[in-house]
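Subject: Structure for you to look at

Hello,

I am handing over the structure we talked about. Please open it first, then read the notes below with it on your screen.

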Amino acid sequence: MGFEGKVPQGDLATKWVNYRGSMPLVAPNNKRRLDVIVVGTGLAGAAAAATLGELGYNVKCFTFHDSPRRAHSIAAQGGINAAKNYQNDGDSVYRLFYDTVKGGDYRSREANVHRLAEVSVEIIDQAVAQGVPFAREYGGLLANRSFGGVQVSRTFYARGQTGQQLLIGAYQALSRQISRGSVKMYNRHEMLDLVKIDGKARGIIARNLLTGELERHAAHCVILATGGYGNVFYLSTNAMGSNVSAGWRVVKRGAYFANPCYTQIHPTCIPQSGEYQSKLTLMSESLRNDGRVWVPKTKEDAIAIREGKKTGLDIPEEARDYYLERRYPAFGNLVPRDVASRAAKIACDEGNGIVPTGKGVFLDFSSAVQRYGKSQAFSKGLKNPDAKTITELGTKVVEEKYGNLFEMYEKITGENPYVMPMKIYPAVHYTMGGLWVDYHLETNIPGLFCLGEANFSDHGANRLGASALMQGLADGYFVIPYTVGTFLSKEIRTPKFDPDGPEFMQAEADVSNRLQNLLDIQGNQSVESFHRRLGKIMWEYCGMARNEEGLIKARKMIRELREEFYKDVFIPGTQEEFNSELEKAARVADFLELGELFAVDALDRKESCGGHFREEYQTEEGEARRRDDEYAYVAAWEWTDTDQDPTLHKEELEFKDIELKTRSYK
Amino acid sequence: MSDMNLTLKVWRQKNNQSKGSLETYKILASEHMSFLEMLDVLNEQLIQEKKEPLAFEHDCREWICGACSMVINGQPHGPQRGTTTCQLHMRQFKDGDTIVVEPFRAKAFPVIKDLVVDRSAFDRIIQSGGFISVNTGQAVDGNSIPIDKDTASAAFDAATCIGCGACVAACPNASAMLFTSAKVSHLNQLPQGKLEAKQRVLNMVSQMDEEGFGLCSNVTACEAECPKEISVENIARMNREYIGASLTSDKFV
Amino acid sequence: MSWFSTFLTSSIGKKLVMSLTGLFLIVFLLVHLTGNLQLLIDDGGRQFNLYAKFMTSNPFIKITSYGLYAFILLHAVQGILLWLKNRAAKGGGYAVNNTKATNTVAGFAKNMGWLGIIILVFLLIHLYQFWLQMKLGTLPMVNYDGVEVKNLYVPVMDAFSNIGFVIFYVLSMVVIAFHLWHGFQSSFQTLGLNHKKYTPFIQFLGKAYSILIPLGFALIPILFFLRNS
């Protein structure tokens with residue numbers, strides 16, 4: 001199997017232009033004869049399916065949801081980056097490229113990132129044309145904000161629901177193709193295996209979740225856009241159904257999985273409140289523009305708060321430790337996500353956490369309220385306003401800016417964040433790792449492509465805010481429609497594949513046996529309980545800080561847990577019906593294998609970079625220590641067998657246009 | 001301190017063909033749980049007893065995906081205004097309460113199992129015209145279409161619909177007018193959507209009728225229960241546009 | 001189907017028919033009430049009987065009245081059909097009934113069908129008692145300045161001195177008030193006439209109308225009854 005990046009020759013800035021100008025094309029009459037399967041209907045999948053349908057391919061599109069519109073892209077809050085430079089503040093394609101590579105701690109492929117920055121501008125145009133109601137200025141032009149610690153305002157947004165609006169745009173484009181018959185939509189269908197014929201991806205086995213029936217679907221190529229695997233931690237900001245199964249099934253068929261250990265832990269989520277908790281809720285990063293993060297200076301105060309004897313309001317200013325402002329005076333509360341998260345962990349590990357579990361810090365808006373209140377009073381011409389008026393005026397400003405988020409916080413916690421400081425803690429949010437793909441977004445299995453969060457390609461070791469939506473849509477609207485043509489132009493003489501052929505029948509039988517084996521265990525523990533235990537191991541040993549001893553232990557514990565799972569899991573019902581527990585079980589079974597690979601990858605990477613922090617590799621000040629000379633590679637893992645070590649393939653990263661620097665936010 | 005003993009009466013229905021009924025369960029919950037987490041606890045309890053767990057739809061659990069589809073004490077998504085079931089927390093209830101949980105009811109949303117219903121009718125309404133006909137790559141520069149802030153904001157208000165179907169579930173007529181009108185309002189207000197505005201409203205209403213939803217009696221229960229608090233002004237707008245398009249469109253069908 | 005029937009038989013078209021006929025009936029109620037209020041003039045029914053004569057003989061009003069009959073029929077028949085269709089579309093209710101509303105009273109809005117049926121029953125009795133008598137019945141004649149006029153005042157007097165009928169009449173007016181409370185503003189919403197500036201006024205007007213008009217109707221039998229007993 002081939003393993004090369006297939007990056008086109010030439011200058012970085014002209015690679016994509018040249019590629020598009022010289023790639024082989026597929027004529028319209030041939031496009032009609034070619035079948036394409038798209039799995040997943042998030043930003044990347046819906047955009048790809050819609051665009052390929054528009055181009056004239058026969059598209060079959062699959063989602064396990066009841067509607068394409070429910071994909072988890074919908075939950076993205078903040079915004080989408082694009083190098084439009086509408087604000088005239090010096091942005092450019094190169095700057096967006098540079099920021100993304102630097103933000104990713106120099107662990108991404110230059111050419112892919114540059115292409116991402118190039119097409120970012122087209123995404124905004126496309127979304128506007130589809131009717132996405134982006135925020136606007138009074139003059140009617142598009143508004144931007146600064147996001148994620150960069151120095152230009154390049155983030156386009158639709159209140160706090162940018163992901164929803166962009167996904168609905170893509171969903172509508174997809175719906176249009178469905179109504180024209182160029183895309184056939186399969187709702188409530190979950191991909192459970194990949195079918196290969198002569199080494200190429202030629203179809204999938206999908207389970208109709210309503211009836212339990214297994215279906216064989218053939219095509220000339222298969223595109224996965226199945227999202228991230230953050231739920232390997234059980235508790236994350238991902239949706240309950242987000243899973244790695246489609247990606248993991250292709251790994252079992254020979255695809256490489258790259259950089260699984262790169263995990264983005266988002267610093268501002270609502271802390272866990274109890275054992276029953278099913279997921280964690282993100283509070284947008286934008287809150288750190290006005291909120292100040294702190295814990296009490298003394299353990300005594302922290303304990304009193306944890307026990308409910310004191311509240312944040314009882315701690316005087318001088319007894320508070322605004323630890324981000326103290327440690328990073330230049331960026332303060334606006335340091336990137338990985339840095340902010342780790343700092344919160346350190347504060348809590350030192351015993352100063354402020355929620356009963358010990359894992360929480362304050363995010364305080366009182367300074368912002370005072371600051372806004374005074375400026376409002378001044379602009380209203382109030383002389384000597386009293387404290388109450390200032391607070392009222394300031395609260396109103398905060399409400400205008402963050403009202404929705406505050407409301408959501410209050411619904412979840414039952415506490416009024418206008419009065420009490422918010423309580424937050426980091427949570428798993430995004431996974432930068434994923435299936436290894438080349439410049440064409442093609443995996444090492446010919447004819448198998450992977451888009452969006454499901455691939456590893458653009459964010460390196462850490463993703464910047466507002467870049468996930470950009471990547472998903474770039475891949476779906478503007479990259480895959482070209483690169484898939486390179487593959488399909490060689491397939492125009494390939495007749496349609498017979499879904500009753502031996503490879504399909506064998507794959508279906510494999511899936512059916514696998515599901516039946518799970519059902520036959522008939523043990524005593526629920527699927528959920530195994531998932532929860534896996535999550536605890538992952539969070540404890542593969543979370544915000546990792547070390548060799550812990551990772552070795554984690555690998556062993558995951559193996560033991562997996563053995564226990566296959567002995568004692570209980571799944572009610574049968575294959576031939578709507579069976580949510582069986583769906584979950586198949587997904588958790590895959591997480592139990594991915595979790596191990598995760599630990600193996602984290603063990604291998606003896607450096608700290610982005611979303612991977614190894615305690616052994618830190619500076620004297622406790623900051624991440626990258627080791628470019630030895631670890632500037634993509635770790636692409638080949639799964640061998642459940643009981644053996646996976647094989648590591650290294651793709652060395654070359655940085656021709658960027659000088660590698662240490663990130664500093666001091 | 002925060003524990004609560006609850007009696008749950010939950011709709012159980014094996015599949016589309018079988019008849020369902022309300023089953024009673026006792027459960028110990030905490031006031032900090034979300035409603036769905038309380039149901040998770042119920043399911044864990046049922047699995048421990050080797051019984052079939054309750055089927056219910058849920059996904060993002062953060063007020064946006066629109067998957068949850070249950071009626072709690074007669075109200076879609078429960079008693080709290082502007083909330084989905086996942087954001088409803090048990091502190092909205094009292095210790096000792098009896099809570100009745102039923103699936104969304106409408107002929108056009110047939111029950112699949114327990115609290116899971118089929119809402120694909122909504123997808124078909126969008127497919128009939130809930131889009132702007134623009135292919136990828138055809139777009140002009142984003143700023144070449146200025147849209148005044150208020151219009152963009154009004155379109156956005158309509159576009160926040162999460163397609164959960166609470167409007168249909170709340171409506172005594174099972175009418176889908178709020179859903180359909182939210183999409184018509186979103187697209188027809190924007191300059192990009194104006195070119196197809198007449199045909200869009202005609203096609204979408206026609207598809208909505210075909211799906212077997214009831215008619216709108218302006219009960220406004222939809223607005224009262226909408227988790228995104230979408231206004232019935234959108235329904236008036238759709239009525240206006242539909243009547244106008246029917247009378248003035250050049251096309252006969 | 002022609003475009004026009006497609007339009008009128010669509011869900012919005014059907015509601016448009018309900019809305020327009022409803023608005024016509026709302027206007028009719030005002031006209032009817034102005035007529036009835038003439039009963040209160042203490043002239044032995046002269047003014048009222050002359051008015052009744054005018055209403056049954058003026059050709060313009062005659063034509064309008066055929067429209068009225070058609071609209072009443074259309075409003076009632078269509079209303080009942082839609083009500084049945086809507087119940088079928090719901091396919092059964094909830095174990096717990098808890099309908100909320102924002103712009104109206106949910107109980108009225110949900111039960112427009114029942115309220116309408118009660119009004120229809122009232123209307124049939126009402127038509128039989130007065131309208132049919134005027135058209136076909138054998139009312140005594142009365143002579144005003146040489147003009148022979150049917151004395152409709154007599155059956156009205158009879159009816160309004162019956163306590164049972166007065167109660168039935170007043171209760172029917174309450175039902176009409178409920179029906180109007182929802183129907184008035186609802187008909188504007190169906191026409192798409194919703195505006196941030198004017199809708200509050202329409203809603204206020206609707207509430208005032210749905211109280212004052214039925215109150216006006218109800219006062220007449222009550223005053224008659226009190227005067228006669």
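Lys196(C) and Glu233(B) form a salt bridge, with their closest N and O atoms 2.8 Å apart. The model is a predicted one, and every value in this email was computed from it. How many salt bridges does the rule find across the interface of chain C and chain B? It finds 1. In this interface, 39 residues of chain C are in contact with 50 residues of chain B. The two chains bury about 3600 Å² between them, and 57% of that area is on carbon and sulfur atoms.

**The interface of chains A and B**

Which chains share the most contacts? Of the 2 pairs of chains in contact, it is chains A and B. On the chain A side 78 residues take part, and they are in contact with 77 residues of chain B. The size of an interface is often given as the accessible area that is lost when the parts come together. For chain A and chain B the buried area is about 6300 Å², with 52% of it on carbon and sulfur atoms. Arg70(A), Tyr276(A) and Lys411(A) are the residues of chain A that lose the most area to chain B, and together they account for 12% of what that side buries.

The rule finds 6 salt bridges across the interface of chain A and chain B. One of them joins the side chains of Asp66(A) and Arg119(B), at 3.7 Å from N to O.

Chain A and chain C are not joined by any contact; their closest C-alpha atoms are 21 Å apart.

**Chain C by itself**

Chain C has 9 helices and 2 strands. Read from the N terminus, its elements run α-α-α-α-α-α-β-β-α-α-α. The C-alpha trace spans about 60 × 45 × 35 Å along its principal axes. Of the 229 residues in chain C, 42% are buried. If you take the contacts in chain C between residues at least 6 apart in sequence, 75% of them join residues at least 24 apart.

Chain C exposes about 12000 Å², of which carbon and sulfur atoms supply 73%. Its surface carries a nonpolar patch formed by Ile211(C), Leu212(C), Leu215(C), Leu219(C), Ile222(C), Leu223(C) and Leu226(C), with about 610 Å² of accessible area together.

**Strands in chain A**

Strands of a sheet pair through backbone hydrogen bonds, either parallel or antiparallel. Strand E9 of chain A (residues 221-224) has parallel partners. Strand E1 (residues 35-39) of chain A is joined to E9(A) by 4 bridges, and the two run parallel. Strand E17 (residues 448-450) of chain A also runs parallel to E9(A), with 3 bridges between them. Val39(A) stands opposite Leu224(A), and Cys450(A) in E17(A) is a bridge partner of Leu224(A).

Are the faces of E9(A) covered or open? Both are covered: Cys221(A) and Ile223(A) are buried on one side, and Val222(A) and Leu224(A) are buried on the other. In a regular strand the side chains alternate between the two faces of the sheet.

Chain A also has an open sheet of 4 strands in the order E16-E10-E18-E19, with antiparallel pairing. Its edge strands are E16 (434-435) and E19 (647-652), each of which pairs on one side only. Strand E10 (residues 257-258) and strand E18 (residues 633-638) of chain A pair in the antiparallel sense over 2 bridges. Ala258(A) has Ala636(A) in E18(A) as its bridge partner.

**Two residues with positive phi**

Lys6(A) is not a glycine, yet its phi is near 55°. Lys6(A) sits in the segment before helix H1 (15-22) of chain A and is partly exposed, at 38% relative accessible area.

Asp198(A), also not a glycine, has a positive phi of about 50°. Asp198(A) lies in the loop between strand E6 (189-197) and strand E7 (200-208) of chain A. With a relative accessible area of 75%, Asp198(A) is exposed.

Regards

Notes. Residues are numbered from 1 along each chain as its sequence is written. Chains are lettered from A and ligands numbered from 1 in the order in which they are written. This is a predicted model: local features need pLDDT of at least 70, side-chain atom pairs count only at pLDDT 80 or more; totals for chains, interfaces and linings use all residues. Side-chain values use heavy atoms; hydrogens and water are left out. Patches are made of residues with over 30% relative accessible area and no salt bridge: like charges are joined within 9 Å, nonpolar side chains (Val, Leu, Ile, Met, Phe, Trp, Tyr) within 5 Å. Accessible areas come from the Shrake-Rupley method with a 1.4 Å probe; for residues, only the protein chains shown count as cover. A salt bridge is a side-chain nitrogen of Lys or Arg within 4 Å of a carboxyl oxygen of Asp or Glu. Contact means heavy atoms within 4.5 Å. Buried means under 20% relative accessible area, exposed over 50%, partly exposed in between (1.4 Å probe, protein chains only). Two strands pair if DSSP finds at least two bridges between them. Buried area is the accessible area (1.4 Å probe) that two parts lose on being put together, summed over both.
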